[in-house]
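Please open the model in your viewer and keep the selection tool at hand. The tour moves from stop to stop, saying at each one what to select and what is there.

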Amino acid sequence: MKDRVVISPTTRQEGHAELVMEVDDEGIVTKGMYLSITPVRGLEKMVLNKAPETAPVLCQRICGVCPIPHTLASAEAMDMALGIEIPKAAKLLRKAVAAAHGINSAAIHHFLVAPDVVPDDKFADAVNSVSEVRKTVQYVVEMIAGEGIHPSDIRVGGMARNITPFTKERLVERMTAFKPKLEEHIEFIKNCVLEAGLPNDLGVVNQPLMAMDATYGTNEFDMSKFSEVLPEAWYDDPEIGTKACSVIPLWEGVNVETGPRARMEKFAGFKDKGVVAQHVARADEMMKNYNACLEALDAIDPAAPANVSYDKRGTGELGFGVIEGPRGTDVHMAKVVEGKTAFYSAIVPTTWNIPTMGPATEGFHHEFGPHVIRAYDPCLSCATHVMVVDDEDKSILKNEMVRI
């Protein structure tokens, strides 16, 4: 006899989602489905017919947890759509910001999962450690990008300005002094995860990997390998398909795994899989981002230009911004025609992972389901893009809104 366990909304994540698990008489999950129930906000439509510089300002507000990847992806999509080659200094500044943000976001995730893996007598230590890590790397983001949450200085054409020699010196000093604390934090989190008693094979999946770079710098996307399907065509449960608010992106016709574990496997030889491996890879990746940030800061010439002038009319060609965000590969696409945004689309990390997370709960007791979801650190505000409108009278046929 099959029963159904529904967790709605799932917790300790950004946005709202639903986990539906079919279980047998022993409570073991035989089928798992994960879906976004976060309301559609339509930011991709808001940027249409506006100046290309509007897109990064609006699209960074897709999410308050990962605004840096969205700002960078949007700016770089517009750079390509306008035929801009940004200066070397701007690339280095963007790299430093992306890497610092990667550390910050991983620390936020450690706070969210602390009740799952940190013993009660160490909880205060975990919170203090997260706060100390975030304070240092958010300072880097603010000094370079203008703001820690919605950065004002990442611009189409580069950066608003370069940093001063004094700012560079101060950032390098702070980051150099920060290394022992970061190493201590990483070991603390990894030890907590490894001692939490989670099954080593919990959440193991064997999907192809989606990762374009170990940290930042590879802006490539092969459209011939990419496709999308509506949730109605993906989920074999009509009720789930109708309720879900995110499209399902596929790479060469299949769903993929993206995020820290995928990057660490592809670029660093990391071999473990599953929930424990996700947490360990995310912690280890903090040091990868630390090194990338410090290398970029060291290489910046404060006297060099950080932006270029450009023709705002656009090339009429599709531009891509591909950023390895904390949760995985973030892809923004844009086309500019006669100075206005004619097309815009974002394929965010959580949409790649949504079809993977549900099946990853299968084979274990349903009480482990939330552990699987939180290991992927989903961001549902980023992933919600589906609203169905009648072609003739423009009435809304599908706009599922979460009710809590």
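The stops below begin with an annotated site and go on to three further places.

This is a predicted model, in which local features need pLDDT of at least 70 and side-chain atom pairs count only at pLDDT 80 or more, while totals for chains, interfaces and linings use all residues. Residues are numbered from 1 along each chain as its sequence is written, and side-chain values use heavy atoms, with hydrogens and water left out.

Select C66 and C382 to begin, the residues that an unreviewed UniProt entry annotates as "binding site"; such annotations may be inferred rather than shown by experiment. They span 317 residues in sequence, yet no two of their C-alpha atoms are more than 8.7 Å apart, so they gather at one spot.

Centre on C66, which lies in the loop between α2 (54-59) and α3 (67-81), where helices are DSSP runs of H or I with at least four residues, numbered from the N terminus. C66 counts as buried at 6% relative accessibility, buried being under 20% relative accessible area with a 1.4 Å probe and protein chains only. Leaving aside neighbours within four places in sequence, C66 is in contact with H101, R327, C379 and C382, contact meaning heavy atoms within 4.5 Å.

Move to C382 in helix α13 (residues 380-383), a residue that is likewise buried, at 2% relative accessibility. Not counting residues up to four places away in sequence, C382 touches E14, I62, C63, C66, H70 and V348.

Next, select E76, which is found in helix α3 and is buried, with a relative accessible area of 9%. Show its side chain together with that of Y216, because the two make a polar contact at 2.4 Å, a pair of N or O atoms within 3.5 Å in which one must be able to donate a hydrogen and the other to accept it. Among the residues that E76 touches are R94, N219 and F320.

Which helix is largely enclosed by the rest of the structure? Select α12 (residues 369-376), where eight of the eight residues are buried, including P370, V372 and Y376. Just after α12, D377 takes a positive phi of about 55°.

Finally, select α9 (residues 260-268) and α10 (residues 275-299), which pack at an angle of about 65° with their axes 8 Å apart. In α9, P260, R261, R263, M264 and A268 meet residues of α10 that include A277, Q278 and K288.

Conventions: Axes fitted to C-alpha atoms, helices over the stretch in contact; angles between N-to-C directions. Helix = DSSP H or I, 4+ residues; strand = E, 2+ residues; numbered from the N terminus. Buried < 20%, exposed > 50% of the residue type's maximum accessible area, 1.4 Å probe, protein only.
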